[in-house]
Amino acid sequence: MTATGELFLARPRSVELGETHVTIEWSDGHRSVFSNRGLRESCPCALCQGEASPLVGSRALPMVPDVPAGVRASEYRMVGLYAIAFAWSDGHSTGIYPYDYLLARCECDACVAERPESLIESRE
Ligand SMILES: [Zn+2]
Ligand SMILES: [Zn+2]
């Protein structure tokens with residue numbers, strides 16, 4: 001019994017880019033499912049999050065970009081040992097999704113059941 005739980009990060013064992021969902025199987029056996037659109041909309045990059053930036057200037061950025069309905073991840077790449085970067089079919093590819101960010105948004109039945117309602121935004 002060592003207290004290494006906090007330090008251990010599950011790593012993706014496999015990443016599948018499907019027509020409608022991205023499926024990630026983690027090294028601890030957890031299998032995460034994310035809808036392509038939901039994942040694209042929660043892209044953590046500054047552009048998508050609409051953070052005020054002096055470089056963006058007066059351009060008013062919407063909080064959520066206009067994501068096409070059929071958007072899907074076309075490619076992924078591992079970033080260090082902590083994140084996955086996805087390239088999307090709408091041409092966007094600057095989003096880097098840390099593992100814990102992904103896990104917090106996992107849409108598998110077990111995770112959805114555990115999560116307080118308030119964190120679940122309009123699911124379709
Ligand atoms: Zn983005
Ligand atoms: Zn899950």
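Predicted model: local features only at pLDDT ≥ 70, side-chain atom pairs only at ≥ 80, totals over all residues.
Residues are numbered from 1 along each chain as its sequence is written, while chains are lettered from A and ligands numbered from 1 in the order in which they are written.

Now for the wider view. The protein has four helices and six strands (DSSP runs numbered from the N terminus, with H or I over at least four residues for helices and E over at least two for strands).

β1 and β2 (residues 21-26) run antiparallel and are joined by five bridges; two strands count as paired if DSSP finds at least two bridges between them. In general, strands of a sheet pair through backbone hydrogen bonds, either parallel or antiparallel. Here, an open sheet of three strands is ordered β1-β2-β3, with antiparallel pairing. β1 (12-17) and β3 (31-35) are at the edges with a single partner strand each, so one side of each has no neighbour in the sheet.

Let's stop at Ser35, which lies in strand β3. Ser35 is partly exposed because 18 other C-beta atoms lie within 10 Å. The cut-offs go like this: 20 or more other C-beta atoms within 10 Å makes a residue buried, 12 or fewer makes it exposed, and in between it is partly exposed, with C-beta atoms placed from the backbone. Leaving out residues up to four places away in sequence, Ser35 touches Thr20, His21 and Glu107 (contact means C-beta atoms, placed from the backbone, within 7 Å). Glu107 is 72 residues away from Ser35 along the chain, yet their C-alpha atoms are separated by 7.7 Å.

What about the inside? Buried residues make up 14% of the protein's 124 residues. The largest nonpolar core has ten residues, including Val22, Phe34, Ala73 and Trp88 (such a core is a set of buried Ala, Val, Leu, Ile, Met, Phe, Trp, Tyr and Cys residues joined through C-beta atoms within 7 Å). The elements giving two or more residues to this core are β2 and β5 (83-88), and β5 gives the most, with three. Take Ala73: not counting residues up to four places away in sequence, Ala73 touches Leu17, Val22, Asn36, Phe86 and Trp88.

Note on methods: Contact = placed C-beta atoms within 7 Å.
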